[in-house]
Amino acid sequence: MGDEARTRYPLVLVPGLLGFVRLPGYPYWYRIDEALRRAGAQVHPVLVSSLHGSEVRGEQLLAEIERICAQTGADRVNLIGHSQGALTARYAAAVRPQRVASVTSVAGPNQGSELADYLARQAPPGSLRERALVAMMHGLARLLARLERGYQGPPLPLDARAAHASLTSAGVAAFNRRYPQGLPETWGGQGPAEVNGVRYYSWSGTLQPERTERGGNRLDLSHYCCRLFARCFVREAGENDGMVGRRSAHLGRVIRDDYPLDHLDIVNQSHGRVGLGVDPVALYLEHAARLRADGC
């Protein structure tokens, strides 16, 4: 293909809540990592705890960064985090900026998720609903771990309560006080493009009116879940991807916050059935070229 995506430093892809690298016939970053490799990039999808707090996941990511640097001989890496993976990447960059050239937040809940807030109200700590939700999430996470292909290490720890708390507005606000790098000073604004030698970028999407959606979205079952979840939003009602609000996703240089993509479409899940209008794979190729141009 060429070397338009050949960045100076390797790309590290960090998944979100209930994330994985590859299930049988179903990679998390569907066709994204392979497209980047064809365009000349070094790409490393990594596995961290699918259910845990962002700082615990961040420590796991730091270990993965060290492994990748040792394997490739690179001094630094470019982190691209989806959803909670953005918070995980932000932690790693704040704690060890000398190892991170850039952080890119893709639909990251950088000011918290109204969906997480809704669940906290409906299933408060200690309630029967909360215990049932925790049991369900742990069961799903264990199933994903059994299906994960290629992972040979010890089982990663799981903590659904810590994961949930870390995604609420209050939980993320506490996280932001400790690790503010890249955050906008005003709601919905742009954040600093560079902090401590680390460049910060973000992009996100919004659900579109149903009448405008054609093509693959009609076959994308997860899209209907995102539409259902979107009903939980108040502050960003009508301006969210089903799990994260468009302005909550802002970090560093905001590339765009209203791509016509839901929370899972933005990583090309459901085997690329994302409807018409925007090719999510192309967004990552464009961004790799952007990182290359910025010396990352």
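Is Ser 83 buried or exposed? With a relative accessibility of 11%, Ser 83 counts as buried, where buried means under 20% relative accessible area, exposed over 50% and partly exposed in between (1.4 Å probe, protein chains only). The views below show a predicted model, in which local features need pLDDT of at least 70 and side-chain atom pairs count only at pLDDT 80 or more, while totals for chains, interfaces and linings use all residues. Residues are numbered from 1 along each chain as its sequence is written, and side-chain values use heavy atoms, with hydrogens and water left out.

**View 1. Ser 83 and His 271 are residues with positive phi that are not glycines.** Ser 83 has a phi of about 55 degrees and sits in the loop that runs between strand 5 (77-82) and helix 3, helices (H or I, at least four residues) and strands (E, at least two) being DSSP runs numbered from the N terminus. For His 271, phi is likewise positive, at about 55 degrees, and the residue is found in the loop between strand 9 and helix 9. Most residues other than glycine have a negative phi. Ser 83 is buried at 11%, whereas His 271, at 35% relative accessibility, counts as partly exposed.

**View 2. Gln 269 lies in the loop between strand 9 (253-259) and helix 9 (280-293).** The relative accessible area of Gln 269 is 7%, and the residue is therefore buried. When its neighbours within four places in sequence are left aside, Gln 269 is in contact (heavy atoms within 4.5 Å) with Tyr 26, Tyr 28, Leu 264 and Val 274.

**View 3. Arg 96 occupies the loop between helix 3 (84-95) and strand 6 (100-106).** Because its relative accessibility is 24%, Arg 96 counts as partly exposed. Not counting residues up to four places away in sequence, Arg 96 touches Leu 62 and Glu 66. The side chains of Arg 96 and Glu 66 are joined by a polar contact of 3.3 Å; such a contact is a pair of N or O atoms within 3.5 Å, and within protein one must be able to donate a hydrogen and the other to accept it, residues adjacent in sequence counting only if both atoms are side-chain atoms. Arg 96 and Asn 196 are 100 residues apart in sequence, and their C-alpha atoms are 9.9 Å apart in space.

**View 4. Arg 199 belongs to strand 8 (residues 198-205).** Arg 199 has a relative accessible area of 25% and is therefore partly exposed. Residues up to four places away in sequence aside, the residues that Arg 199 touches are Ala 101, Ser 102, Val 103, Ala 193, Glu 194, Asp 294 and Cys 296. Arg 199 and Gly 238, by contrast, are 39 residues apart in sequence and 30 Å apart in space, C-alpha to C-alpha.

**View 5. Helix 4 begins with buried residues, shown with the helices that cover them.** Glu 114, Leu 115, Ala 116 and Asp 117 are buried in helix 4, and what covers the buried residues of this helix includes helix 6, helix 7 (169-178) and helix 8. At the start of helix 4, a side-chain oxygen of Ser 113 comes within 3.2 Å of the backbone nitrogen of Leu 115.

**View 6. The largest pocket is lined by 47 residues.** A pocket here is an open set of points on a 1 Å grid over the protein atoms alone, where a 1.4 Å probe fits, with protein on both sides within 12 Å along at least five of seven lines, and lining residues have an atom within 4 Å of a point. The volume of the largest pocket is about 1200 Å³, taken as the space filled by probe spheres set on the points, which are joined across faces, edges and corners. Nearest the centre of the largest pocket lie Leu 17, Leu 18, Met 137, Phe 229 and Met 243. Helix 4 (114-122), helix 5 (128-147), helix 6 (160-165) and helix 8 (221-230) each supply at least two residues of this lining, and helix 5 gives the most, with nine residues.

**View 7. The second largest pocket holds about 260 Å³ of space.** This pocket is lined by 17 residues, of which Leu 47, Ala 141, Leu 144, Ala 145 and Leu 156 are the closest to its centre.

View 8. A disulfide is taken as a pair of cysteine sulfur atoms within 2.5 Å. Cys 69 is in no disulfide, and the nearest cysteine sulfur, that of Cys 296, is 14 Å away; Cys 69 is also buried, at a relative accessible area of 4%. Cys 226 is in no disulfide either, the nearest cysteine sulfur being that of Cys 225, at 7.0 Å, and at 0% relative accessibility Cys 226 counts as buried.
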